[in-house]
Amino acid sequence: MVVPDSLDARASIEVITALRAAGFSAFLVGGCVRDLVLGLEPKDYDVATNARPDEVLALFDRVIEVGVAFGVVRVLRRCGGELQEIEVATYRADGAYIDGRRPTEVRFTDAREDVLRRDFSLNGLLLDPVPGAGGRVIDWVGGIADLEQGHLRAIGQPAERFSEDALRLLRAVRFAARFGLHIERHTAAAITELRSGLGQISRERVHVELVGMLRAPHAGEAVRLLARLRLVEALWPSLLERDPGLLRTERRMRALCDGVHWAVHEDGGQREQPGLSPVIDLPFPLALAGFMWSLRLADSSLPDEVAASLRLSLAQSKRLRTIWTIASQLLHSLVAGRLPAVRADDARLARLLRQPEADAALRLLLAEADNVPEGWPHSARTWLRALRRLRLKTPAAQWRPKPFVTGSALKALGFAPSARFRPALQAAETVQLEGGSAAEALAAATACLTSDDEATADLSAP
Ligand code: ATP
Ligand code: MG
């Protein structure tokens with residue numbers, strides 16, 4: 001196994017060499033070895049050693065104590081003029097687990113036991129990278145054979161391993177999708193059987209795993225696996241109550257999520273690139289909207305429910321909700337077969353398309369259009385593309401013009417501020433967006449304010 005001559009790889013070899021010179025055992029471990037075996041470039045290099053954290057702290061001058069209790073420290077090394085950070089973890093065995101997520105204690109041990117506490121065989125490989133050792137891989141868990149046969153397999157008894165830490169259920173899906181692996185039969189059966197364990201995992205950890213899955217190039221496959229292994233219903237039990245047939249939609253869910261990614265990459269054409277970079281630049285709210293949208297539950301409360309369940313930030317929740325709302329409004333026009341002409345001076349379209357999330361919503365629907373949804377008009381794709389083009393070419397100032405009519409102007413005319421101001425200002429903006437003059441806009445606002453019809457005055461446009 002050849003270790004690339006990158007700066008971080010070099011720094012990790014220096015750390016291993018220094019540990020060995022001090023009489024300790026040390027190897028590369030985990031994700032980086034797996035990636036090298038697969039011919040991919042690792043995103044970071046982790047070192048495992050029998051040196052205790054205090055011994056590692058004593059050996060290197062620049063160290064960050066990230067989790068000394070668990071035996072993890074980060075060694076900083078200057079390499080090629082850049083500071084490299086290498087995680088060095090003491091070989092450990094995890095003690096009994098409490099509540100399916102935290103070991104009560106860790107015990108420092110030897111390399112073999114350290115490998116056996118890891119999750120999947122592909123993540124349980126050690127590598128001796130020091131020149132002269134010939135890049136020897138140490139495989140106590142059958143990881144090489146599993147990779148060769150395309151299998152993802154839990155180390156040890158799957159049921160035990162998933163009961164210890166239910167996050168591994170999601171990690172299994174993420175790794176299987178990312179590397180195109182088949183989840184071995186017993187491992188898959190245990191995932192489904194123990195799915196309710198996901199309820200014990202902190203939402204923050206779930207969030208991180210879903211980001212890793214849904215923002216990656218193989219999100220479609222991850223979604224298909226989530227559905228097949230019945231993890232979707234374990235993550236959001238209320239979805240199944242809304243639609244008991246949800247899991248039958250697996251194939252479509254996959255096609256749609258692939259479609260979302262295709263839509264995002266249609267210009268760059270990067271979709272077929274192998275999983276070199278596991279995370280692509282797909283905003284999480286869009287990825288999540290794609291996933292939720294593919295569930296086909298026309299339910300306006302869904303985005304908020306999902307956002308809360310994943311502890312999304314306020315900004316991300318808002319983006320998710322807005323993408324959802326815009327997509328729902330456009331969908332409404334599509335299924336009703338009423339496609340407004342694509343013109344910059346249509347106020348309703350302007351208000352939809354001027355929002356930053358409009359592009360995401362259009363991508364979502366374009367991805368869906370690839371699957372030729374029932375009930376959509378033939379012209380759906382052309383219409384959606386035209387909307388996207390219009391959005392791109394319309395200058396921001398045209399859709400957010402300096403208003404002809406403002407609240408203070410209305411006050412200056414003697415109108416007392418009231419709840420009617422909002423629809424009045426909206427009426428004025430509608431006129432302005434549709435190319436009317438300042439006088440016409442003011443007339444529309446005053447007509448709204450002086451109208452006797454309360455219901456009309458209170459109607460707030462979308
Ligand atoms: P990635 O490229 O996604 O970071 P990785 O394999 O490096 O993949 P990490 O989450 O960084 O994944 O974990 C590093 C290693 O620690 C894993 O390869 C695995 O051996 C072990 N590991 C991490 N999380 C768990 C877990 N929940 N249970 C058991 N072992 C784990
Ligand atoms: Mg990693």
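Analyst: Gladly, and let me start with a pair of helices: helix 16 and helix 19 cross in a right-handed manner. Please keep in mind that this is a predicted model.

User: What are the distance and the angle between the axes of helix 16 and helix 19?

Analyst: The two axes come within 11 Å, and they cross at roughly 145°. Helix 16 covers residues 314-336, while helix 19 covers residues 380-393.

User: Which residues make the contact of helix 16 and helix 19?

Analyst: Helix 16 contributes L330, S333 and L334. From helix 19 come A380, W383, L384 and L387. They are in contact because heavy atoms within 4.5 Å count as such.

User: How do the residues of that contact divide into nonpolar, polar and charged?

Analyst: There are six nonpolar residues, one polar residue and no charged ones. Leu, Ala and Trp count as nonpolar.

User: Why is S317 called buried?

Analyst: The cut-off for buried is under 20% relative accessible area. S317 has 9%, so S317 is buried. Its place is in helix 16, and S317 touches A307 and L312, leaving aside residues up to four places away in sequence.

User: And why does V75 count as buried?

Analyst: The relative accessible area of V75 is 0%, and the label needs a value under 20%, so V75 is buried. V75 lies in strand 4, residues 72-79. Not counting residues up to four places away in sequence, V75 touches V15, V56, F60, R62, Q84, E85, I86 and V88.

User: How far apart are V75 and A189 in sequence and in space?

Analyst: In sequence they are 114 residues apart; in space, 40 Å from C-alpha to C-alpha.

User: Now for the whole chain: what percentage of its residues count as buried?

Analyst: Of the 462 residues, 50% do. The chain exposes about 21500 Å², of which carbon and sulfur atoms supply 52%.

User: How many helices and strands does the chain have, and what does the C-alpha trace span?

Analyst: The chain has 24 helices and 13 strands. Along the principal axes, its C-alpha trace spans about 90 × 50 × 40 Å. Among contacts between residues at least 6 apart in sequence, 68% join residues at least 24 apart.

User: What does the domain assignment give, and what separation do the centres have?

Analyst: The assignment gives domain 1 (7-147) and domain 2 (407-450). Taken over C-alpha atoms, their centres are separated by 67 Å.

Notes:
Residues are numbered from 1 along each chain as its sequence is written. Chains are lettered from A and ligands numbered from 1 in the order in which they are written. This is a predicted model: local features need pLDDT of at least 70, side-chain atom pairs count only at pLDDT 80 or more; totals for chains, interfaces and linings use all residues. Side-chain values use heavy atoms; hydrogens and water are left out. Axes are lines fitted to C-alpha atoms, for helices over the stretch in contact, and angles run from 0 to 180 degrees between N-to-C directions. Helices (H or I, at least four residues) and strands (E, at least two) are DSSP runs, numbered from the N terminus. A crossing is left-handed if the near helix is turned anticlockwise from the far one by less than a right angle, and right-handed if clockwise. Buried means under 20% relative accessible area, exposed over 50%, partly exposed in between (1.4 Å probe, protein chains only). Accessible areas come from the Shrake-Rupley method with a 1.4 Å probe; for residues, only the protein chains shown count as cover. Domain bounds come from an automatic or database domain assignment.
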